[in-house]
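Reader: Please take one part of this model and go through it closely. I want the cut-offs stated along with the values.

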Amino acid sequence: MSPLCPLLLALALAVVPGARAACPATADLKKPDGTRTCARLYDKSDPYYENCCGGAQLSLEPGADLPFLPSDWTNVASSLVVAPRCEITVWSQRGKAGKSRKFSSGVYPRLEEFRKGVFSDWSNTIASVYCRCY
């Protein structure tokens, strides 16, 4: 392998937008106009934390109550970030049914690490959400 190949790969990863992602800090969850965002869901996670929170995003306003997530987001979220002084409650089934869990303010890059019963986790199983800030 040419010694130039690793250099080109590193350059491509640094230049291509979206090739690498990292979860934002909780305080950075704001719209461009400065208004507050309660939480943000991401459809990509990775075994390496610095590559998590990539792909498509779904931003939730304070007070967002979605018993039926949009069809392209049902059972898709694999990372999430919750803003300061906010919490999100998620359910495993549409209509706020099934198992539920609350995530308080923080960064959750790999929902695979959060158990949902004995044999499953929260990655790719969120079907309903309620997000509130206090």
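Author: With the bonded cysteines of the protein numbered in sequence order, the pairing reads 1-3, 2-5, 4-6. A disulfide here is a pair of cysteine sulfur atoms within 2.5 Å, and that rule gives a count of three disulfides. The model is predicted, so local features need pLDDT of at least 70 and side-chain atom pairs count only at pLDDT 80 or more, while totals for chains, interfaces and linings use all residues. Residues are numbered from 1 along each chain as its sequence is written, and side-chain values use heavy atoms, with hydrogens and water left out.

For orientation, the protein has one helix and six strands, in the order α-β-β-β-β-β-β from the N terminus. Helices (H or I, at least four residues) and strands (E, at least two) are DSSP runs, numbered from the N terminus.

Cys23 and Cys53 are joined by a disulfide with an S to S distance of 1.9 Å. The angle about the S-S bond of Cys23 and Cys53 is 80°, and the link is right-handed. Distant parts of the chain are linked by this pair: Cys23 is in the loop between α1 (4–15) and β1 (39–44), Cys53 is in the loop between β1 and β2 (54–60), and the two are 30 residues apart. Cys53 has a relative accessible area of 6% and is therefore buried. Buried means under 20% relative accessible area, exposed means over 50%, and partly exposed lies in between (1.4 Å probe, protein chains only). The backbone of Cys53 has a positive phi of about 60°, although Cys53 is not a glycine.

Cys52 counts as buried because its relative accessibility is 0%.

The disulfide of Cys38 and Cys131 has an S to S distance of 1.9 Å. The angle about its S-S bond is -85°, and the link of Cys38 and Cys131 is left-handed. Cys38 lies in the loop between α1 and β1 and Cys131 in strand β6 (residues 128–133), so this pair ties together parts that are 93 residues apart in sequence. Cys38 and Cys131 are both buried.

The remaining link is that of Cys86 and Cys133, whose sulfur atoms are 2.0 Å apart. The torsion about the S-S bond of Cys86 and Cys133 is about 95°, so the disulfide is right-handed. This pair also links distant parts of the chain, with Cys86 in strand β4 (residues 79–93) and Cys133 in strand β6, 47 residues apart. Cys86 has a relative accessible area of 0% and is therefore buried. Cys133 counts as partly exposed because its relative accessibility is 22%.

Strand β4, which carries Cys86, is mostly covered, with 12 of its 15 residues buried. As for its partners, two strands pair if DSSP finds at least two bridges between them. β4 and β6 are joined by six bridges and run antiparallel. Within this pairing, Thr89 stands opposite Tyr130 in β6. Strands β4 and β6 are thus linked by bridges and by the disulfide of Cys86 and Cys133.

β4 is also joined to strand β5 (residues 97–108) by nine bridges, and these two run antiparallel. Here Glu87 stands opposite Ser104 in β5. The two strands β4 and β5 form a hairpin with three residues between them, and Gly95 in the turn has a positive phi of about 75°.

With β1, strand β4 pairs in the antiparallel sense over four bridges. In that pairing, Tyr42 stands opposite Ser79 in β4. Asn75 has a positive phi of about 60° although it is not a glycine, and it counts as partly exposed because its relative accessibility is 37%.

Some totals give the setting. Of the 134 residues of the protein, 36% count as buried. With contact meaning heavy atoms within 4.5 Å, 66% of the contacts between residues at least 6 apart in sequence join residues at least 24 apart. The accessible surface of the protein is about 7,500 Å², with 57% of it belonging to carbon and sulfur atoms. Accessible areas come from the Shrake-Rupley method with a 1.4 Å probe, and for residues only the protein chains shown count as cover.
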